[in-house]
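Thanks for passing this one along.

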Amino acid sequence: MKTVLTKSPIEAAEFIKRGGAVAFPTETVYGLGANVFDEKAIGKIFEAKKRPNDNPLIAHVGNFGQIEALVSEITPSAQKFIEAFFPAPLTLVLPKAERVPFAATAHLETIGVRMPKTALALEFLRHCETPLVAPSANLSGRPSPTTWQAVYEDLTGRIECILQGGETTEIGLESTVVDCTANAPLILRAGSITLEDLQKIVPDTRIYRASKNEQPKSPGLKHRHYSPRARVVLVSDLRFRVSNRSAYIGLNEPCEKFDLIKICRSVEDYAHQFFKFFRECDHRHIREIYCETVEEKGIGLALMDRLKRAAEGGAASS
Ligand code: TXA
Ligand code: MG
């Protein structure tokens, strides 16, 4: 399959209307979109990404009216979050409408809904004239794509089109996912909309922590994630010995010499940069990436969540 590159949201939307899969930029990461009501198109996404089929997708809407077509109920907490934040890097999990195919939700009775914020994403969604399910546009397990080149690297020849926008540096890591089906909202995945932000709107909001024997509420949480080919090592003390072909990313200057170093200006900047840095490390055949840990509060919680998963999943260099 030839993958068409375009800067035109109108041209990209034509591929969606013909049942294709199209990568597009949002304020978080690039998504791989397909019509939420088209089971065949949804199948293409799972195939292109090699995504495990028990991992549900997020539906993206271009206007408020589309939310009602996707869910059977907008719960009171969801209503408050929509009014306070949308469009935003925030996904709300709600009971799905009957019309939404189970292919989109990995057989769950719920669907995640989000309205992305950037003008280009909203314009593209409007031209599609339907909500789109869109996982991050990377091969499953790889670092999420923050540039169209990263999408191209993983998915060229596997999808119909890439809508070329700039780097997704406004946020740079995926949306906060909040289950709004119960009385107290539960954060299933941390993101740049923080626990503190959500508690200002609904004070009962909590962070979900799966107990050992329980099935995770967000199936995506159990899969290997965000992994470059290099081994990811988390460090808090910056005096450590490094081997050859090592890289470092963090807020403070390390004591050792590295083949590749990125010093970030702030935790926000760190969150913008690390996915791209991981891919750059792979291009440079780095074997170990040392990541400085940050305090797990605010967006630091989301960043540490991604770094820990990358460190768990990172295969030893080969
Ligand atoms: O920022 C984002 O959310 C990006 C952009 C493209 O919008 N999308 C994204 O999608 O990160 P994906 O598929 O990589 O991650 C979706 C996450 C997974 O952890 C999945 O398990 C969870 O959301 N999720 C989706 N629907 C769910 C549902 N009905 N119940 C619980 N978790 C759900
Ligand atoms: Mg993903």
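1. What share of the contacts in the protein chain with a separation of 6 or more comes from residues 24 or more positions apart? The share is 68%, with contact meaning heavy atoms within 4.5 Å.

2. A word on conventions: this is a predicted model, in which local features need pLDDT of at least 70 and side-chain atom pairs count only at pLDDT 80 or more, while totals for chains, interfaces and linings use all residues. Residues are numbered from 1 along each chain as its sequence is written, chains are lettered from A and ligands numbered from 1 in the order in which they are written, and side-chain values use heavy atoms, leaving out hydrogens and water.

3. A compact globule of 318 residues would have a radius of gyration near 20 Å, and the 19 Å of the protein chain agrees; the radius is taken over C-alpha atoms, and the globule rule is 2.2 Å times the number of residues to the power 0.38. The protein chain has 10 helices and 15 strands, which are DSSP runs numbered from the N terminus (helices H or I, at least four residues; strands E, at least two).

4. Of the 318 residues, 58% are buried (buried is under 20% relative accessible area, exposed over 50%, partly exposed in between, with a 1.4 Å probe and protein chains only).

5. Helix H4 (residues 76-85) has Ser77, Ala78, Phe81, Ile82 and Phe85 buried. These fall within an arc of 135° seen down the axis, so they line one face of the helix; the arc is that of the directions from the helix axis to the C-beta atoms. Pro76 and Glu83 are exposed on the other side of H4. Cover for the buried residues includes helix H3 (65-70) and strand S5 (90-95).

6. Helix H6 (residues 119-128) buries Ala121, Leu122, Phe124, Leu125 and Cys128. Their arc around the axis is only 160°, which puts them on the same side of H6. Helix H1 (9-17) and strand S4 (58-60) are among the elements covering them. After H6 comes glutamate 129, with a positive phi near 60°.

7. Do look at valine 61, in the loop between S4 and H3. Valine 61 is buried, at a relative accessible area of 0%. Leaving aside neighbours within four places in sequence, its contacts include Ile67, Met115, Leu122, Leu125 and Pro131. Leu122 and Leu125 are also among the buried residues of H6.
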